Amino acid sequence: MSTMTSTGSTGSAGGPAPAESAHPQAGRGRGLRLSGMNWLVWRQHRAAYWTLLATAAITVALMLYGRQQMVTYLEGYGWPDLKSGWEEKFNRTPLSMAGQLIGYAPILIGVFVGAPLLAGDLEGGTAKLVNAQSTSRVRWLATKLGVTALVVAVSTAAASAVFTWWWSPVKSSQYALDWSDGNAFDSSGPVPVALALFTVVGGIAIGMLLRRTLLSIVVTFGFAVVVQMVWSHFRMSLGDVITVTTGNGVGGDNFPKLPDGAYAVDQSYLTASGDLIGYGSCNEATDKAANACLEKAQVVGWNVEYIPISQMSSMQWLGASILLALTAGIAAFVILWGRKRLV
């Protein structure tokens, strides 16, 4: 009888076996050869983990197909040296939809993976059973966080890498996707990984504090939406604004030439005294009235502030670093709080 309890899924109390009983032999013959606490955490949450990995695999496959279709179209216009006119029949809908899907991923992962992770154990009593075993709370919490973070990072990194590769042939064109928009900026590079990890660990912390699965899901959804809103207002402040001015008037072709794909932060009129007035200051009903307004204000040229697309990568890594630092802080809070107050 004693040998059966070492390999079974239940102990003498009818719950999960102690972590030490999850011997490497328990995973023998399975796809993932895990042992101990890693095996226990994976087995407990394998449905959520496999769903996340499978969704990422399907998304990657669809984006690879979309990339092939796009390149086939662009080759008709001389890609990689694109000729003019390729934008006329270019279908940007698949690229935009993929960006939206990856952009929503942090919210969905935080709600359905992060929020129930500890809340379910606390609500169902599993946490008390684990606490009664020889395994420490810190090890249990660290394993929960570590395995979940690994699955989330792998899934989002794969989707982000393929999306970045898909978008790269038309990246400099705002017709395909505006790089400053969330569909592009938040769906490529390290940003999806950082946003997903921050949201899921935040959801875990919320579940630990609220101890109710449904309530934690609702609150985590609100938290994830707020994170997205704050991030959308914050992301472009990560760049270094470049200012260009002209002094040859504001008509005709006197507007300053900006690099391809540049994001215009602001534009103003420059007066002879060096002051700036708003672009809409002389928005009159007729051209004659507008010109009279410009002459009265002594407008001599433009003042334009912009961020070039060349800064996108550095902005993404800076933003991701900030998010990952915040994620590490929340993870530390979960472990420190849970070590003494989990049950």
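A patch is made of residues with over 30% relative accessible area and no salt bridge, where like charges are joined within 9 Å and nonpolar side chains (Val, Leu, Ile, Met, Phe, Trp, Tyr) within 5 Å. Accessible areas come from the Shrake-Rupley method with a 1.4 Å probe, and for residues only the protein chains shown count as cover. The model is predicted, so local features need pLDDT of at least 70 and side-chain atom pairs count only at pLDDT 80 or more, while totals for chains, interfaces and linings use all residues. Residues are numbered from 1 along each chain as its sequence is written, and side-chain values use heavy atoms, with hydrogens and water left out.

On the surface, Leu209, Leu210, Leu214, Leu215, Val218, Val219 and Phe333 form a nonpolar patch with about 600 Å² of accessible area together. Helices here are DSSP runs of H or I with at least four residues, strands are runs of E with at least two, and both are numbered from the N terminus. The helices α8 (191-210) and α9 (213-234) each supply at least two residues of the patch, and α9 has the largest share, with four. Val218 lies in α9 and counts as exposed because its relative accessibility is 53%; exposed means over 50%, buried under 20%, and partly exposed in between (1.4 Å probe, protein chains only). Arg211 sits in the loop between α8 and α9. Its phi is near 65°, a positive value in a residue other than glycine, and Arg211 is partly exposed at 28% relative accessible area.

Next comes the empty space. Rolling a probe the size of a water molecule over the atoms shows where such space is left. A pocket is an open set of points on a 1 Å grid over the protein atoms alone, where a 1.4 Å probe fits, with protein on both sides within 12 Å along at least five of seven lines; lining residues have an atom within 4 Å of a point. The largest pocket holds about 360 Å³ of space, a volume being the space filled by probe spheres set on the points, which are joined across faces, edges and corners. Its lining has 17 residues, with Leu52, Thr55, Ala56, Ala105 and Ile109 nearest the centre. Two or more lining residues come from each of α3 (46-75), α4 (93-124) and α6 (137-167), and α4 gives the most, seven. By class, 12 lining residues are nonpolar, five are polar and none is charged. In these classes, Ala, Val, Leu, Ile, Met, Phe, Trp, Tyr, Cys and Pro are nonpolar, Asp, Glu, Lys and Arg are charged, and the others, Gly among them, are polar.

Side chains of opposite charge can pair when their charged atoms come close. A salt bridge is a side-chain nitrogen of Lys or Arg within 4 Å of a carboxyl oxygen of Asp or Glu, and the whole structure has two. One joins Lys144 and Asp121, at 2.3 Å from N to O. Lys144 is in α6 and Asp121 in α4, so the pair ties together parts 23 residues apart in sequence. Both Lys144 and Asp121 are buried. Asp186 forms a salt bridge with Arg235, their closest N and O atoms being 2.8 Å apart.

One feature of the backbone remains. The peptide bond from Trp79 to Pro80 is cis, with omega near 20°, and Pro80 lies in the loop between α3 and α4.
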